[in-house]
Amino acid sequence: MSDANLFAQQAANRRRSAWLVALFVLFFAWVGFGGDYAFYLLTAGAPAGQYHHTVPFIGLLTTAAASVLCYFSWKTGPRRVLLAAGAWEVVTPASPAQLQLVNVAEEMAIAAGLPKPTVWVVPDQDLNAFATGHDSRHASIAVTEGLLAALDRDELQGVVAHEMSHIQNDDVKLMTLLAGMLGAVALLSDGIGRYLRVGGRMGGSSRGGGRSGGKGNNPLGAVLLIVWVFTLLIAPVVTRLLAMAVSRKREYLADATAAQLTRHPEALARALQKLDAASAPTRSIAQGAAHLCIVDPAERKLSDREGIVGDIFASHPPIRLRVARLRAMAFQNAKREGGALPA
Amino acid sequence: MTTILFLAVLAVILLWGVGVYNGLVSLKNQVRNAWTQIDVQLKRRHDLIPNLVNTVKGAMEYERGTMEAVINARAKAMGAQGVKATAEAEGQLTQALGKLFALMENYPDLKATKNVLQLQEELTSTENRIGFSRQHYNDVATEYNTKQQQFPTNLVAGIAKATPADLWVIVDDQERAVPTVDLSSRPPGA
């Protein structure tokens, strides 16, 4: 069996998102500890009695803040996302469509070799779906009523497989981690920004003057400090862009993993086109949970835009590109099996 | 100095060996677990068949031969042991079921009843589950087989008592083509 394309696409997206995450962590480390290093250099030459910045308070505090944020959003996030969307759990299927949904979820859990996730329905007529959970063994999949009504069994299976792939690839944890770091960076940036503004207003005051008094003795430290403050001011934007880039790679990865689970990429491609055609916004899903959804729930989808804007700001890749990649996998399957090409 | 270097190299090799050994054992258990998952789904299928036969028996009394073939294949499949024998017996059951489903197409009234519709969704799902658990088993077993044959993991494979796992191969083309339980049909009124 040669699923070369399928596995190659997964490997490529895994590698790329790993690089992006590494970049993210490096940037976070610079934002956290860069200032400490600058202060260390600035105060190193100070006389014995004066303050020496030897303990990296800023970095430690930022890391601690990020850890706390991560922990809380990891612990309470899944429940909050489901509650905010107004989702209800399908315990005993009441209609044929619900039975089908529960069955499909079970089938995909089997294909992924994981326990069955809990299944939820969001009372919204738009077509969307998302996954959430603490880890791959305690996860939930939610789909909108509109999606349940509009897709056939194979397409529904493709969508559920995509969500199951997010669970299997640990995307919920990854994105929670990134969101925690993002929050901590935003807090720090906000704090320093406020401090600078207040400091600027009190420009000539004796306190401000006194602080900058002993700093002239280390030019490297001064340059580092300026660069650090500057990066700190743009940090919220940079971290958000990096997180979005990771999110887009994970979407491609989830599409490719879904194709591995169902071995039927064409069905997911068809489902994505239907989701794309139903362009109404998914009002019940908050934009904060966008990275967990199968398509961007926002009203004016940035992911519709190909080219530079979509490449920078969107949480999801353009649907047309996703469909094209899935079709490429379907084409390879058809070629291998000598079957007919999908219409 | 040389003794320290020698000991360090030895420690690294030992650690690597332990890691590979544990990896193989974990994969072996995953293969075993994947197999029991297939078993669970096969049992589900075996449990559903009497239900199906009872439901359609009245309406399809002229197809007694086909129904008996299903019942016999089910009995044989339930008694099968080991990967190869089970794969073969279940393959025959799949064929017999496929024939029955094809005949059911001739009874539109029967197909439209709520009971049969629900049963059909359950059977569709069961056939899918068997397929997916088989796919998962084959994926894990292939990974296990590849690992233990690759150098240098194969040096540890003997110590970990790793032997190649049998794959569940679909034998004939007819079976390959059968799973047309009308998978794409949507339940009406959904």
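**Exercise 1. The contact between the chains**

How many residues of chain A are in contact with how many residues of chain B? Describe the side of chain A that touches chain B by element and by residue class.

*Solution.* The structure is a predicted model, and in it 16 residues of chain A are in contact with 17 residues of chain B. Turning to the elements, α3 (96-112) and α5 (153-168) of chain A each supply at least two residues of the side of chain A that touches chain B, and α3(A) gives the most to that side, with nine residues. By class, the residues of this side of chain A divide into six nonpolar, four polar and six charged.

**Exercise 2. The sheet of chain A**

Work out the strand order of the open sheet in chain A, and state how its strands pair.

*Solution.* The sheet is formed by four strands in the order β1-β2-β4-β3 (chain A), with mixed pairing. Its edge strands are β1 (88-89) and β3 of chain A, each of which pairs on one side only.

The next step is to take the pairings in turn. Strand β2 (residues 118-122) of chain A runs parallel to β4(A), and five bridges join the two; Val119(A) stands opposite Ile141(A) in β4(A). Strand β3 (residues 129-135) of chain A, by contrast, runs antiparallel to strand β4 (residues 138-144) of chain A, to which six bridges join it. A hairpin connects β3(A) to β4(A) through two residues, and Asp135(A) has His138(A) as its bridge partner in β4(A).

**Exercise 3. Cores and the packing of α8(A) with α9(A)**

Identify the largest nonpolar core and its main contributor, then follow Leu268(A) from that core to a helix packing.

*Solution.* The largest nonpolar core has 91 residues, and those with the most contacts inside it are Met108(A), Ala142(A), Val159(A) and Leu268(A). Helix α8 (residues 219-262) of chain A gives the most to this core, with 15 residues. A second, separate core has 17 residues, including Leu27(B), Ile38(B), Ala141(B) and Trp168(B).

Beyond its neighbours within four places in sequence, Leu268(A) is in contact with Gly158(A), Val159(A), Ala161(A), His162(A), Asp255(A), Ala258(A), Ala259(A) and Leu326(A).

The packing itself comes next: α8(A) and helix α9 (residues 265-277) of chain A meet at an angle of about 130°, with their axes 8 Å apart. Therefore α8(A) is oblique to α9(A). The contact is made by Asp255(A), Ala258(A), Ala259(A) and Thr262(A) of α8(A), together with Pro265(A), Ala267(A) and Leu268(A) of α9(A). By class, this contact has five nonpolar, one polar and one charged residues.

**Exercise 4. The make-up of chain B**

How many helices and strands are there in chain B, and what share of its residues counts as buried?

*Solution.* Chain B has seven helices and zero strands, so that its elements run α-α-α-α-α-α-α from the N terminus on. Of its 190 residues, 28% count as buried. Among the contacts in chain B between residues at least 6 apart in sequence, 79% join residues at least 24 apart.

Definitions and conventions
Residues numbered from 1 in each chain as written. Chains lettered and ligands numbered in written order. Predicted model: local features only at pLDDT ≥ 70, side-chain atom pairs only at ≥ 80, totals over all residues. Buried ≥ 20, exposed ≤ 12 C-beta atoms within 10 Å, placed from the backbone. Contact = placed C-beta atoms within 7 Å. Core = buried A, V, L, I, M, F, W, Y, C linked by C-beta atoms within 7 Å. Axes fitted to C-alpha atoms, helices over the stretch in contact; angles between N-to-C directions. Parallel < 35°, antiparallel > 145°, perpendicular 65-115°, else oblique. Nonpolar A, V, L, I, M, F, W, Y, C, P; charged D, E, K, R; others polar. Pairing = 2+ DSSP bridges.
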